[in-house]
Amino acid sequence: MNVHAAALAHAHLPNEQTSAFARDAISDLSQHQKRLSPKYFYDSTGSELFEAITRLPEYYPTRTELGILRDRGSDIAAIIPKGAALIEFGAGATTKVRRLLEKSAFAAYVPVDISGEFIKAQADALSRDFPDLAIYPVAADFTASFALPEAVAHLPKVGFFPGSTIGNFEPYEASRFLRSARQILGTGAQMIIGADLEKDERLLHDAYNDAAGVTARFNLNVLERINRELGGDFDISAFTHHAIYNRERHRIEMHLISNKQQAVRMLGTSFSFRPGESIHTENSYKYSIERFGALARRSGWQVRESWTDPKGMFSVHALVAE
Ligand code: AVJ
């Protein structure tokens, strides 16, 4: 049994999710390029900080996508079969899905997310506003395979993946996700997906380096979470938020930079940091309409229609399973 496994075995962590967090954190911080998965940003503090990010003047994706769903709602509704089931991958706040539900006659809604309690609460609120809509929350990791509720087996399927969360995946992972969604939804299914677009680097830089410092707190929160849940002793003030646009890779990269030579302990394991050494915490890939179309086609989907806002800042695509 290697040292990390031994440390974990003695850690008596409260549940499987925390053990997975511990395993991933120890293995990722042991890499030559230290990293942490962006999925660990979203504890309750992180989810609140992200909601605050969506209201920032610099962070355009959320309001721009909402604008497209509002302005193109009837066009989207026109291509969606009546009485379909809407399956949302990584469902969170229901702001976006409400735009679709208001315009299209879905029979059922299936929010899928690992935070079972959160989507259950969101589903209860939604059912008050959409009393005729059958809602079936599914607590599952949407990046892996999961079973759809029997109750929607006979209904046409429409997937929904907004917010450019597809941008967090490496291109090969994005393709793997789209193939898995294709598998889960089945032949003839459709998918409505949001993808942020390449643009002036100044706009991209500002969207991830807001003047109020909310994104910095969102990024640093993953270290605070390690201290809270895994007994880490990160000195938060000894790390700095750093977000840059990598033109070659078409992505925003978020890092946490160590301000000095330091050692951090977590679950009986020590990690040393050189001055200027980074922890890579997130990639946010930015697509062009062409490159997104190519991704969809090599992942088992045909692009039926693509919509953008008047300034071409963000895109929403309707895909059809081959
Ligand atoms: C929720 C993944 C789409 O990448 O823009 C916001 C998360 N990170 N500010 C994004 C995020 C920094 C966001 N996604």
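Please keep in mind that the model is predicted.

Let's start with the ligand. Which residues sit around the ligand? The shell consists of Tyr42, Phe50, Ile53, Tyr59, Gly163, Ser164, Asn168, Tyr208, Phe218, Met254, Glu282 and Ser284. Sorted by class, that gives seven nonpolar, four polar and one charged residues. Two elements, helix 3 (44-54) and strand 11 (278-285), each contribute at least two residues to this shell.

On the nitrogen side, a ligand nitrogen lies 2.7 Å from a side-chain N or O atom of Glu282. How much of the ligand's accessible area does the protein cover? On its own the ligand has 350 Å², and the protein covers 97% of that.

On to the cores. The largest nonpolar core has 40 residues, and the members touching the most others are Leu223, Leu230, Phe234, Met266 and Ile279. Among the elements giving two or more residues to this core are helix 2 (16-28), helix 3 and strand 8 (251-258). Helix 10 provides the largest share, seven residues.

Beyond its neighbours within four places in sequence, Phe234 contacts Leu29, Leu223, Ile226, Asn227, Phe239, Val264, Phe273 and Ile279.

Finally, there is a second, separate core of 34 residues, with Val112, Leu148, Ala195 and Leu319 among them.

Definitions and conventions
Residues numbered from 1 in each chain as written. Predicted model: local features only at pLDDT ≥ 70, side-chain atom pairs only at ≥ 80, totals over all residues. Heavy atoms only, no water. Near = heavy atom within 4 Å. Polar contact = N/O pair within 3.5 Å; in protein donor to acceptor, adjacent residues only side chain to side chain. Areas by Shrake-Rupley, 256 points an atom, 1.4 Å probe, with all protein chains shown as cover. Helix = DSSP H or I, 4+ residues; strand = E, 2+ residues; numbered from the N terminus. Nonpolar A, V, L, I, M, F, W, Y, C, P; charged D, E, K, R; others polar. Core = buried A, V, L, I, M, F, W, Y, C linked by side-chain atoms within 4.5 Å. Buried < 20%, exposed > 50% of the residue type's maximum accessible area, 1.4 Å probe, protein only. Contact = heavy atoms within 4.5 Å.
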